[in-house]
Amino acid sequence: MKTSRLAFSLIGRFYFFALFSMDIHVNIANFVSNANVQKNMKISIIGAGAMGGAVASGLLKYGKDKYSVSVSNPSSAPLEVLSQSGAYVTSDNVEACREADIVIVAVKPWVVEKVLTEIKESLDYERQSVVVIAAGLTGAQMAGWLSRSDSGEARLLIAMPNTAVSVAQSMTFIVPVNSTDNLTSEVVGVFDCLGETMVIDEAHLPAATALASCGIAYAMRYVRAAVEGGVELGFKADAAQRMVVQTIRGAAALLSVEGAHPEREIDKVTTPGGITIRGLNEMEHAGFSSAVIRGLKASVK
């Protein structure tokens, strides 16, 4: 009888301990989960045009577990779409910035000064950071527009993505203007959700913009030309586009392998006397490589 009571006592204590431990585990899990939710970074995007809208769409789709997104724009049409995707939207730039950790300014270059001047007095330079997406402006210019009478210096970076941010395939460049290593890493993390990111110095930004931001238009122009060629060869336009897009996707995948080089990949498909080398030579006679290089250089001027 004593043995039975002892056994029941031990079993009871075991269940009590198990339930107690489970309760602690659940509470800790809930606490950690809540803490993670509370730590979601808040990102405000000013401007919902082609680039601002693409960044917002990309973050709402590919970074929704990490970031809370608010967007401001003077016209309501693009905001309605972003609101349906989960963004807080407003036409008031100051209101959009109020709770943000990072403010991304994505407006036309000639509007940047106006926007920075408008929002600077409402920003907490100890807590909030500004990332500007705009070509043709210097970090010194933007830092000057953000300067205040209280002598506080804004934490400032330049970002240059391309429109493929909306499908998480951008090549984005980050230029720290007034930033710490930790802040730069945070901003890189934001854009890493949207493709690949590279930190560069400001002197190389115009060339990088030509290669990747303007470059996406150049790639599209090749696609358009190849599709038109496909139509002339007898395919319907949608079928030709499908072929060309998949071919480019394959070429990009081959070159993404470490150590890959385009000439080695070209050599694999250029049989002596074959049709590929004849096509390549005809393109070169028409100035293909020269036209690409000249276009890139013209984009930097």
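Residues are numbered from 1 along each chain as its sequence is written, and side-chain values use heavy atoms, with hydrogens and water left out. Because the model is predicted, local features need pLDDT of at least 70 and side-chain atom pairs count only at pLDDT 80 or more, whereas totals for chains, interfaces and linings use all residues.

User: How many salt bridges does the structure hold?

Analyst: A salt bridge is a side-chain nitrogen of Lys or Arg within 4 Å of a carboxyl oxygen of Asp or Glu. Among them are R98 with E95 at 2.3 Å, N to O, and E265 with K268 at 3.2 Å, N to O. The number that the structure holds is four.

User: How many residues apart in sequence are the parts that R127 and D101 tie together?

Analyst: The side chains of R127 and D101 form a salt bridge, 3.7 Å from N to O. Because R127 lies in the loop between α5 (109-119) and β5 (129-132) and D101 in the loop between α4 (93-97) and β4, the parts joined by this pair are separated in sequence by 26 residues.

User: Which residue lies over the face of Y125?

Analyst: A charge sits over a ring if NZ of Lys or CZ of Arg is within 6 Å of the ring centre and within 35 degrees of the ring normal. Over the face of Y125, at 3.7 Å from the ring centre, lies R148.

Terms used. Helix = DSSP H or I, 4+ residues; strand = E, 2+ residues; numbered from the N terminus.
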